[in-house]
Amino acid sequence: MLPTADLVPGVRKIAVLRANALGDFIFTLPALAALKAAYPRAEMVLLARQFHRDFLQGRPGPVDRVVVVPPYPGVGAPEDQDVDPEQIDRFFEAMRTEDFDLALQLHGGGKNSNPFARRLGARVTAGLRAPDASPLDRNVPYVYFQREQLRYLEVAGTVGAPLVPIEPHLIVTDADRAEASSVLPPIDAPLAVIHPGVGAIDRRWPEEKFAAVADALYAAGAIVAVTGIESEREIVEKVARCARVPIRNLTGRLSLNGLTGLLERAAVVVANDTGPHHLAAAVGTATVGIYWCFNIINADPNTRTLHRPVVSWRLECPICGASQVGKNCDHNVSYVADVPAEEVTWHALDLLQRQR
């Protein structure tokens, strides 16, 4: 059980800083739910990016309101990016008028985000602290090799929030479902979704292996859809060319909301370690994820009934043989390409069968 401290008295408004990518936000959902359970009458304000505001607008859940953070070095912008100091000063002046009772920093080790959190003017600050970060009122040591969901639950515990859900959970709206149905109408067969794209090539499984999984799922009676954003079109089309069965190519046809509705309908989702994979898990869909060994420590789901990580243990660059423990070489190459298609296929078929 995670350690918890006493509740902070008189809490009416909570600020939570998490201004990065989709998967990063999904990982905070258990902590946000725990905070809402601990302070059910408090307004929870997420300090995040514009896409968070668009995605969460009108969505039931622990977040009551989203405030968009301006470009700030190390928080939503690179440390060396030129920013507008006057815009930043206006932002913090507005935040101090909010009179936050709690401000939680769930945005990394705190080198840049802890000073950010303190400038919000909250009565009590809490968050992660790496060795190079300044302290908050209540701190959790930032150690890289920790499961992300539990990392943020531990921060929530410093202000009295109990461990409530063990996995992220996101409510799917009727609008999400309606958009998904307009692109792919309901079908009288189990739906399998494959998402072969990923932000970094080191976490990218080969397209021909995704195609082999698609073949097996289709042979088992599933309709197979492949998803991706427009910049991933070439990846998705290569999966389609390598597959021996018909697939539904949904590249660029769904917003994030529509993708949410589609993933909820799926019997199983097979994906790299990327945002849509974690989103699928958060809406309750069975998943098979391909992970590099370092990333599985931080990012894989906590449970195994519905979620199956398949791991690459490659530690040397496949081009130059340099160890990737510590300082990485400069080669831009996949470290998960060796994961066997047979292993991923076995888990995908097992999960498909369990959903029937």
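These legends walk through several close-up views of a predicted model. Local features are taken where pLDDT is at least 70 and side-chain atom pairs where it is 80 or more, while totals for chains, interfaces and linings use all residues. Residues are numbered from 1 along each chain as its sequence is written, and side-chain values use heavy atoms, with hydrogens and water left out.

**View 1. Phe-91 and Phe-116 form a tilted aromatic pair.** Rings of Phe, Tyr and Trp (its six-membered ring) are paired if their centres lie within 6.5 Å; planes under 30 degrees apart are stacked, over 60 edge-to-face, and the rest tilted. By this rule there are eight aromatic pairs. Here the ring centres are 5.9 Å apart and the planes meet at 45°, so the pair is tilted. Phe-91 belongs to helix α3 (residues 85-97) and Phe-116 to helix α4 (residues 113-118), so the pair ties together parts 25 residues apart in sequence. Helices (H or I, at least four residues) and strands (E, at least two) are DSSP runs, numbered from the N terminus. Both Phe-91 and Phe-116 are buried (buried is under 20% relative accessible area, exposed over 50%, partly exposed in between; 1.4 Å probe, protein chains only). Ring pairs also join Tyr-72, Phe-91, Phe-92 and Phe-116 into a cluster.

**View 2. Asn-112 sits in the loop between β6 (102-105) and α4.** With a relative accessible area of 19%, Asn-112 is buried. Beyond its neighbours within four places in sequence, Asn-112 is in contact (heavy atoms within 4.5 Å) with residues including Tyr-72, Pro-73 and Glu-79.

**View 3. The charged end of Arg-59 sits over the ring of Phe-55.** The distance to the ring centre is 4.2 Å. A charge sits over a ring if NZ of Lys or CZ of Arg is within 6 Å of the ring centre and within 35 degrees of the ring normal.

**View 4. Arg-244 and Asp-215 meet in a salt bridge.** The term stands for a side-chain nitrogen of Lys or Arg within 4 Å of a carboxyl oxygen of Asp or Glu, and the structure holds 23 of these bridges. In this one, N and O are 3.2 Å apart. The pair links distant parts of the chain, with Arg-244 in the loop between α8 (233-242) and β11 (248-249) and Asp-215 in helix α7 (residues 207-219). Arg-244 is exposed at 73% relative accessible area, whereas Asp-215 is buried at 10%.
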